[in-house]
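Reader: I have a new model to look at. Please walk me through it, one question at a time.

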Amino acid sequence: MEDSKLVRVEGLRKWFPLGRGLFERNQSAIHAVDGVNFTIEAGRSLGLVGESGCGKTTTGRLLTRLETPTAGHIYMDDPALGAVDLAALKGKQLKMFRKRVQFIFQDPYESLNPRRTVYDTVAEPLVVQGNRALVEREERVAQLLETVGLTPASSFMFRFPHELSGGQRQRVAIARALIIEPAFVAADEPTSMLDVSIRTGVMQLMLELADRLGVSYLYITHDLAVARYMCQEIAVMYLGKIVEQAEAEELLANPLHPYTRALLSAVPIPDPRYRRKTIEISGDVSRPIDPPSQCRFYERCPVREERCATNEHPPLEDKGAGHFVACYLV
Amino acid sequence: MQMVDTLLSTQDLVAPVRDPVLTVRDLTMHYRTRQGWVSAVDNVSFTLHRGESLGLVGESGCGKTSIAISLMRLLPDNARILSGEIWLGDEELLSLSAAEMLRVRWKGIAMVFQAAMNSLDPVYRVGEQIVEALQTHFPTMRVAQARARVGELFQLVGLDPVLMDRYPHEFSGGMRQRAVIAMALSCKPAVIIADEPTTALDVIVQDHILKELRVIQEQLDMGMIYISHDIAVIAEVSDRIAVMYAGRMAELTDGESLFHRPLHPYTAALMGAFPSIKGPKRELTTLPGEPPDLLCPPPGCRFHPRCPRATECCLSRRPPFEERFPGHYVACWHPLEVRNGG
Amino acid sequence: MADAMTIQRTPVAEPLWRIRLRLAGKSFANSWQLFRENPIGLIGLGIIVLFGLLSLAHPILMATVWDARTYDPIIGYDAAILSHPSPPSARHLLGTDPIGRDVLSQLMYSARWEFGLGLLAATVSVVLSTTVGAVAAYFGGLVDTIFMRIADVMTMLPFIAILVVLSALFDFQLIHLALVYGILVGFGGQTIVIKSQALTIKVKPYIDAARVAGGGDWHIIFTHMFPNLMPLAFLYMMITVTGAVFIEAALSFFGLLNIRMSWGIMINTAQASGYLLAGPGYLHLMIPAGLAITLFCSAFYLVGRALDEVVNPRLRRR
């Protein structure tokens, strides 16, 4: 694996079977993530954007092994071991590798154990990985709390989650994710449940930490504007597949896939002077249950043609300067 | 496939003002909790005109939903309206008895609640629920008539009338939202309040519903109060916008003026906190601190602990909500300068 | 990366254990505050304290004021009175039973055994139900199915019949009763309730967070699930005490327990001697014991109800 590539995902699939019985032959399955490929370079962040049900949260969970992939590889670069396939690890090796990968959850109210103090929560990764003495742990937790802006650390250390505001809780979650110095953090809409005036503070904190600590984010969101603000690159997902991926500014200025264009045209603009013209697409997003072998977007695409239905789902191809699109018509 | 965005000039944006359909004066409401009284709405005044869409924007706890339930007089047990007048046409709502209010609610003023998808009873068919609402308010209406009306309403909100006889769980999120809007429109209210109607929905569905709401509003010539924390949605949907902070109204004016010539520092900060997909990538503004605890709110101007322009008088005296420029109201001792004139 | 993290550190002055103690104290004070608001809980607690005082007072009385030969609850006999059972008098505040023993002494003596029985049964049942419930919820699949079927069987088993059979086969003492009852209840309905609570915990993001940090299954069960199940478990402890005491009373009444003195035995003695429904003059033989059982069980139940409001915030009035 090249030096700069931190994460390389190949052919990642996650199918959730429907229906009961171990003896069911052709069992239906939800193809939540269906053949996803992307890379993330060290020090850069990728925004994973899409509507609900597109598979972005599942992808994030797969990358942190909260789910086990049905197929595919997740190569992560380890300074000592080179490229390791996260999808194939088990047991002790998996536990060790968890030091490199962390997750920040969406709900600040549910991602902290209400009966444990801030200290307990933030120190947990250290305790579980079993590699620090008590005194060192305390110091480390205090350090992290200061880093995420909860100062003075001593006054926050022994509070319970219900004594903190949403923004403060999310900062605790960030501290917990960073305490074991991971190289890669998947964040699932970390600011969507926070108040607007608090959101910016947390987003800026995350950016600052990415800079200082050299952490890469997989930033999962439905909000294209936030993805643009937080990430250098954006990938758009639809029904389990990536349909477009490019540098953030390039994607917004020059969207190529019909779905991306429709999505961008539907985003409300915070300026009354703009009258945007929406690209209409019909229907609602459905669940990808046993999808037929054609372009996933065929049913709703405003510019579809014959060949989009008769061929397989188009492959993700580089249309120039690192701008990848999965469409036969581009 | 071209994406054409047009930039409108100021003239295109200012709609002619019509007669007021809802007038609120000095509304004050608070909640009793275990720890004391929470001052949720404090001396709020505004006017809604016929056919106009007023956006109410602010963060959680600013009082926007509290205003909505006060207007509907759907207060929980521990809430009290301390003072104020609510004029709907020529009836003052706060002086009506509970029975009289039943008549006005839904026919005069209706509401689409937050997480409206949960306000459909799962054990009844969707059409039945609207028929029930109709028959309650129009006792002489027969079932066949009511069902015909429901069919019309469904078409108005973009639902196939066949779906009338389905159960809520058979509807998707967007469809349920539309059904609830249909229910709110059923008795042809003069005013409709929509409380975060598209918050839980995807961007594309949200776009459809916002457009439909506008069309419906024009067709039925209703006044609409649209409540949201999302400033982009408010910008697109509203003719005039009111910014709420900590139970008080900070600023009220038309959309164009608010976005391009804001007077209140909170408005400016709020707008700067939303990233946009258009225009150059810029730094977002951060507001230090947190929204205040309404159990014991800060004295004077409630925004002063977080305001970069706060001075002595902001700490002790509450700024009056007054008209600084024609149609542009603000409550601030040190409003921002207006660069390009009114 | 270490360089980037070097900031002004504020060292933590107190040792961790003392901080935790202080926090535990604060959280207890908080719960107490909530508990106090409900008059039901206070009444229940008051009654429990009363019984506690009674059981503490008994050995003191026996050692000081009361003469062992007359007032011993099991082998005492008051020769000074001619006819037993005798009605309440100055010497015997609640009278004497058919074989000459002081009723009040019996009442007070039994209290400590009832406490012991109740608390042992409660502990056994709660330890069992919490562990099984958490494990079944966490692992799911086959483990879950097995435990749930066992729970179903336990729930269906008729307690009294089983206890009757067991007492016929063995020399059934209070401790055996406590253990058997604790196991039957702990493995039965309680497990199912606690398991469903555990299921709601299992899907919380903080469990996922612990897993991402590298936490193993048992770490998650002990560090995260148990503490969150404790409030519910504590509630069930109260209810189990009620059940255990009541069952003991029923079994003793039927003479199936081989114990020497308890409230149930007191009623059994009255019945066996034919005085149970013999008229108003003999009420002192069964009313004190019956009342004691009722009050004791109700007290724990009331405390359980009040605890419910502490544990379950949704039940609280605003």
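Author: Start with a definition: helices (H or I, at least four residues) and strands (E, at least two) are DSSP runs, numbered from the N terminus. This is a predicted model, where local features need pLDDT of at least 70, side-chain atom pairs count only at pLDDT 80 or more, and totals for chains, interfaces and linings use all residues. Residues are numbered from 1 along each chain as its sequence is written, chains are lettered from A in the order in which they are written, and side-chain values use heavy atoms, without hydrogens and water.

Reader: Where is Pro152(A) found?

Author: Most peptide bonds are trans. The bond that joins Thr151(A) and Pro152(A) is cis, with omega about -10°. Pro152(A) sits in the loop between helix H4 (134–147) and helix H5 (153–157) of chain A.

Reader: Which strand does Asp26(B) lie in?

Author: Most residues other than glycine have a negative phi. Asp26(B) is not a glycine, yet its phi is positive, about 50°. Its place in chain B is strand E2 (residues 20–33).

Reader: How many residues of chain B are in contact with chain A?

Author: Contact means heavy atoms within 4.5 Å. Chain A brings 48 residues to this contact; chain B brings 50.

Reader: How far apart are the closest N and O atoms of Glu280(A) and Lys211(B)?

Author: A salt bridge puts a side-chain nitrogen of Lys or Arg within 4 Å of a carboxyl oxygen of Asp or Glu. The count between chain A and chain B is four. Glu280(A) and Lys211(B) form a salt bridge, and their closest N and O atoms are apart by 3.7 Å.

Reader: Which element gives the largest share of the side of chain A that touches chain B?

Author: Several elements give two or more residues to that side, including helix H8 (224–230) and strand E11 (274–275) of chain A. The largest share is eight residues, and it comes from H7(A).
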